[in-house]
Amino acid sequence: MRRYDPQQVETKWQKFWEEKRVFEVDEDPHKPKYYLLEMFPYPSGRLHMGHIRNYSIGDVLARYKRMQGFNVLHPMGWDAFGLPAENAAIEHGVHPAKWTYENIAYMKKQLKRMGFSYDWRREIATCDPSYYKWEQLFFIKMYERGLAYRSFSEVNWCPGCETVLANEQVVNGRCWRCGSEVGKKELQGWFLKITAYAEELLRDCEKLLGGWPEKVITMQKNWIGRSEGLEVDFPLEGREGSIRIFTTRPDTIFGVTFMVLAPEHPLVEELVRGTERETEVREFVRRVKRQSVTVRSSEEVEKEGVFLGAYCINPLNGERIPVWTANFVLMEYGTGAIMAVPAHDQRDFEFAKKYGLPIKVVIRPKDRELRAEDLSEAYTGDGIMVNSGAFDGMSNREAMRKISDLVEARGIGKRTVNYRLRDWGISRQRYWGAPIPIIYCPSCGPVPVPEEELPVQLPLEVEITGKGGSPLAQVEAFVSARCPRCGGPGRRETDTMDTFVESSWYFLRYCSPQREEGPFDERVKYWMPVDQYIGGVEHAVLHLLYARFFTKVLRDLGYLEFDEPFSRLLTQGMVIKDGAKMSKSRGNVVDPDDMIARYGADTTRLFILFAAPPEKDLDWKEEGVEGCFRFLNRLWRLFYEVEPKLKGESGGFREDGEFRRRIHMARKKVTEDIERFHFNTAIAHLMEWVNYLYEVLDSPIAPSLWREALETLCLLLHPFVPHITEELWVEVLGKEPPLLDCQWPSYDPELVKAPEILIVVQVNGKVRDKITVPLGTPEERIKELALEAPGARRHTEGKQIRRIIYVPDKLVNIVCGT
């Protein structure tokens, strides 16, 4: 018997697949298509186990669907722009392009060594001008439609490096590189008007039901954050102007006891300028601005604020309202100002209690009175209006409508729909990204680069120091340009695009990656939308939302004919070790290369797929990997031990119904489990089946049945462990490769039915009935059925059941007495 040598077996079949171009696919109108896509990686240098898990899940589905007769598109590429390449240039003096392409080459080698079934003809790298040329075209088309515009926004600014920092470059409020305290600075940048599609993005979440995880759909809806409510102006006391608020609870407007502005609200600076509170407020604002929006939005973060020394007037009852600023109010939502009603909002209640602010009840429950001094928490339910003037006695729901009518009638506000979603700022003051195709002309203003001059290529001759803003601004040969409109001198935009732009349409480019005349062609109609998308839940909001937005924009620009890019979505869990997510900083990273060298790609794949369901976190255990390696060795030995039986004569053997039934049960179980993404239970069943085959190894089973069993075992295991199954298929069973071109095995519904057995039912030792149950029915269920049998019920009615004796697969004796 040959020893199982995974290195020899795997490199042999990887070479075969590549030479025979097994994974290459073209459009075929006679086959149903299946577009299987995993989120493409950033070429950081080496694959980690999170990558391997993602791509192993995808490869199972790609191989399974192809064996089912689908025309499967399974591409791979590289999300190749990004900040780490610039950091490498600063720290190690290597050019971002060199660093990126060297990493791509290494990671591609790793992917091939895992045996993933990618059509490498379709490989793309987003840093290639032939790719980003088309997103520059999309930007120009969006600019022409008013969907791309220039505006001011706050950015993280390091005064030491004199440059903009990404959020991840700010550590504890300081620059990751020089340690300077990071502040905020307003810069002009480019935005994409995703808010123009807010309603459609929200509405079309309904189209994703059944195909996407509910939690992801909920996250998308919450991020868009549609709210119907009322905008109301509260006049400032003693000065011109007013504070406009947005509220979804106009029924509580009579209960406002203080007003809160976001620290970024322009009125904050205006209200305290030249007052005794100016220094305190400015220090508070500066401190809060260093916190991320995520931190400030968190329920766990302590709510804190300061009084501005100013007041506004409640326009409905004339009450004087103090104006505060606080960390929990965000400029990004609503108007950046809220009316605080502590009696009926828990966050406002906690803030009022902390700072000794008044609490006023304006809604009471229908069955009791409610006093502010008795509240231990805010009352947020429906009820009857009180302390609300002419609206007292109404239900609060009726009052909502009537108060909104009154506000509009007086001209002090209006009904409106608000969205949490904000336009997408795509400007990045960094080098390694796609240039924004705009030329600034002193006479004409911003002018798009003519389409025939695309792409605007990123210059390679650039010095990257990490200081003084974008390196592109220092490259005069790049910056200096002629105005396309008037021919006068102009300057190119030196910001580059957010890397989310590249990942918002890459799945479309895979359909026709070599096309030079346009971003894609008629083939996009054949392949799109993606039938199954796989990736981490950390991308559940931004990447997926931007991809949906881009798809709708490209549809409206006439490039596409569908609304949504991904029909089905699977979000896999993390890979953890020693109780924490794998990371270099924790020192708990497992190197895929090391696993392949020790156990082989098939064992690595098998453990990843067997250790946990795809959507759950996977706890990495070395003993689990060793267990999977032992199973593959056992599988290998089984085939070679059975091989002599396959050459035997047909005479002298029995036709074994249970043996055949188990073949069809395996086909049914594995098929159903793959369809539900229950790869772990599919593998567990196959392991149990191998155990059974060892148990009957010496039984006189016909060679044809043994052959059918081993062929089925190869076919069912192939999506999980493609190399070893290919080897056994050819070398032991004598079949033609590749397994991918073989038909997925079907099962006979009649054969998978469990055989039935007859159980005698006795009462006090006398036969009173008989029941028929499927073989393998649990003992407790058989006892229940015995008690329900008509003959048993007649002789046990009104009597005390003392004991039930079960003799496996034979009888049940019910012992009872009066």
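**View 1. Trp620 and Phe720 in the largest nonpolar core.** Of this core's 188 residues, Trp620 and Phe720 touch the most other members. A nonpolar core here is a set of buried Ala, Val, Leu, Ile, Met, Phe, Trp, Tyr and Cys residues joined through side-chain atoms within 4.5 Å, where buried means under 20% relative accessible area with a 1.4 Å probe, protein chains only. Helix H20 (residues 622-646) supplies the largest share, 11 residues. The core lies between domain 1 (134-193 + 423-500) and domain 3 (619-751), because both give residues to it. The model is predicted, so local features need pLDDT of at least 70 and side-chain atom pairs pLDDT 80 or more, while totals for chains, interfaces and linings use all residues. Residues are numbered from 1 along each chain as its sequence is written, and side-chain values use heavy atoms, leaving out hydrogens and water.

**View 2. Around Phe720.** Beyond residues up to four places away in sequence, Phe720 touches several residues, including Val60, Arg605, Leu609, Ile674 and Phe679; contact means heavy atoms within 4.5 Å. Another core, of 61 residues, lies apart from the largest one and has Phe258 and Leu357 among its members.

**View 3. The buried side of helix H25.** In H25 (residues 779-788), Ile782, Lys783 and Ala786 are buried. They cover an arc of only 100° around the axis, so they sit on the same side of H25. Packing against them are strands S29 (756-763), S30 (766-774), S31 (800-807) and S32 (811-817), plus helix H26 (790-796). Helices (H or I, at least four residues) and strands (E, at least two) are DSSP runs.

Conventions:
Buried means under 20% relative accessible area, exposed over 50%, partly exposed in between (1.4 Å probe, protein chains only). Domain bounds come from an automatic or database domain assignment. The arc is that of the directions from the helix axis to the C-beta atoms.
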